[in-house]
Amino acid sequence: MTDSDKPINFIQQIISNDLASGKTSKVVTRFPPEPNGYLHIGHAKSICVNFGLAETFTGHCNLRFDDTNPEKESDEYVQSIIEDVKWLGFSWNGDIRYASDYFDQFYQWACDLIDQDKAYVCELNAEQMREYRGSLTEAGQDSPYRTRSADESRALLEQMKAGDIAEGTMTLRAKIDMASPNINMRDPVLYRIKRIAHHRTGDKWNIYPAYDFAHGQEDAIEGVTHSICTLEFAANRPLYNWFIENLDVPSKPQQYEFGRLNLNYSITSKRKLKQLVDEGHVDAWDDPRMPTISGLRRRGVSPTAIRNFCESLAVAKTDGVVDMAQFDYFIRDDLNNNAPRAMCVLKPLLVTLSNYDKSEVFTASAHPQRDDLGSRELAFDDQIYIDQSDFSEDTSLSRKKFKRLVLGEYVRLRGAYIIRADEVIRNSDGEIQEIKASVVENTVGADAPEGIRPRGVIHWVSVPNSLDCTVNLYDRLFDQPLPDSGEGSFTDHINPDSLKVIKGCKAEASLVDAVASKPYQFEREGYFCRDSQSESLVFNCTIGLRDNWKA
RNA sequence: UGGGGCGUGGCCAAGUGGUUAAGGCAUCGGGUUUUGAUCCCGACACUCGGAGGUUCGAAUCCUCCCGCCCCAGCCA
């Protein structure tokens, strides 16, 4: 689908109107992650939306860290997020922004609010504040500290800032309406005391602004015109606007919400992803089973696949669950187009070619539809490996049902000869140990001779010219479509068989050069890339080939 | 329950009162193929959460009802 025939979404309509009416002259958006974890596929959608909007309307998109809570944040997360956004192929406008760069301004604005009698220092503790807040159906009650004088609040806020007040004992609150039907408007907390070092400001601050008191102002400072966030922030919008209206901010951004991405058999919650890491259910944030950007990267998923998938998603106000198959489609689509082909035998079965005593080198194209990807050389010798699943002694198997090697019959070795299986050699346990076979002369690059009908085409690798390697096969991390719903914890639904490590695989020699960033299709198996964290030759299966045949 | 938001095929959705309700994924047929891949062709909503109403005409407007999501952190 091209941009021109793709329907425009409701945010694009709003922006078009704003541009047409002159309300907006240059579109500015922003991607504002909190550095409290690694980015995941859900963030990718948000990134594509925000950077995409800036691109289609020739505006700007900022990268801003919403680092207002030092308790959960770290520089490691900052660095990983920067890397992931870059890797996805987006470039932000100007320098990277940090909410923490605006802390002085926020403090000034807090003082302004106090002076306007629109904020006060409250000494209710968390539990009391909850009681005073009321409920969904009952109005809240005013805090006894609500009528405190501006001078007193100013002095107290100063002490909070100076570190003279214990955590949890005081907050700065907006004076709005304790009876508001919107609970977010019931005198929300603006500043809380956290006597903890911040990864950027160190121990300069003992108080930190709450999300609501920071986000809109960050947008205003940066001249963000359209502040796009997810649906769960809709109830915060009136508060967002309240600060914009009551503060002397340099611009008037508008918040719009869209539905976040949910994927079945997966989880898109930083908190829960962190739990998977912390509790050791996965190896790390970049475990190839993780739906994190870094996990997908290590798995072999390309930025293009992620972006195409995100482009295929609707930007709307519905909150649905996208089928993982839709993501799979875009992963395969990109890999099929761009991954060079190679052969790797996962479960080797030795085949000795009794009528062949040469060594040849065949040239095979790297891609059946793309000559520009060049070719590679395939060594062929009198002993080869084929996959155990590609051989059967059962001669009653129909040609339609089993398009592989059967005892006494023919099969095409991809890019090489047609061979016939002649004899099965067993070990003392009765297991098949080796196949004796014979090649059909002059069948390389040529049609099968009269009377010989190979059942199909199978992949293979030369014994003396193969590489020993390990292959990691992955299954979905969860065994339920909605691991989050229902009784119990999402960790109860972790698929115990999500990783299968296969050692002793045999890869074609050209794969010595494999690097982590370069994908391959192992023919008839799937798409693989070299694991970035392993010294030895280890391949991660990005995704299998589509498998349409029914046995 | 107060407030906010949302309900169109298995999934994601377009649709902004007027031809046979786009498209993608999935699924099911068939063709091509030295990958059971790719590619190509075809099938797949008398009906838009439900019931009324307005209208010559309704998925689109009105009324009522039903269902789902979000908000009661000194998280974001």
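Visitor: What does Lys274 count as: buried, partly exposed or exposed?
Guide: This is a predicted model. In it, Lys274 has a relative accessibility of 30%, so Lys274 counts as partly exposed.

Visitor: Which residue does Lys274 form a salt bridge with?
Guide: The partner is Asp278, and the closest N and O atoms are 2.8 Å apart. Asp278 counts as exposed, at 54% relative accessibility.

Visitor: How many residues apart are Lys274 and Asp278?
Guide: Four. Both belong to helix H9 (residues 270–278), so about one helical turn separates them.

Visitor: How many salt bridges are there in the whole structure?
Guide: A search of the whole structure finds 35. One of them joins Glu71 to Lys194, with 2.6 Å between the closest N and O atoms.

Visitor: Which parts does the pair of Glu71 and Lys194 tie together?
Guide: Glu71 is in the loop between strand E2 (60–65) and helix H3 (75–87), while Lys194 is in the loop between strand E6 (189–193) and strand E7 (207–209); the pair therefore ties together parts 123 residues apart in sequence. Lys194 is buried, at a relative accessible area of 10%.

Visitor: And what about Asp422 and Arg420, how far apart are N and O there?
Guide: Their side chains meet in a salt bridge at 2.7 Å, N to O. Asp422 is partly exposed, with a relative accessible area of 34%, and Arg420 counts as partly exposed at 30% relative accessibility.

Visitor: Which residues are joined into one network by salt bridges that share partners?
Guide: Arg30, Arg64, Glu218, Asp219 and Glu222 are joined in this way.

Visitor: On to pockets. How much space lies in the largest pocket?
Guide: About 1400 Å³. Its lining consists of 45 residues, and those nearest the centre are His43, Glu232, Phe233, Arg260 and Lys270.

Visitor: Which elements give two or more residues to that lining?
Guide: They are strand E1 (28–31), helix H2 (41–56), helix H7 (211–222), strand E8 (226–230) and H9. The largest share, five residues, comes from H2.

Visitor: What is the lining of the largest pocket like by class?
Guide: It has 16 nonpolar, 16 polar and 13 charged residues.

Visitor: And the second largest pocket, which residues lie nearest its centre?
Guide: Arg404, Arg524, Arg546, Asp547 and Trp549 do, from a lining of 27 residues. By class, that lining has nine nonpolar, five polar and 13 charged residues. The space in the second largest pocket is about 910 Å³.

Key:
Residues numbered from 1 in each chain as written. Chains lettered and ligands numbered in written order. Predicted model: local features only at pLDDT ≥ 70, side-chain atom pairs only at ≥ 80, totals over all residues. Heavy atoms only, no water. Salt bridge = Lys/Arg side-chain N within 4 Å of Asp/Glu carboxyl O. Buried < 20%, exposed > 50% of the residue type's maximum accessible area, 1.4 Å probe, protein only. 1 Å grid on protein atoms, 1.4 Å probe; cavity = no way out; pocket = protein on both sides within 12 Å on 5 of 7 lines; lining within 4 Å. Points joined across faces, edges and corners; volume = space filled by probe spheres on them. Nonpolar A, V, L, I, M, F, W, Y, C, P; charged D, E, K, R; others polar.
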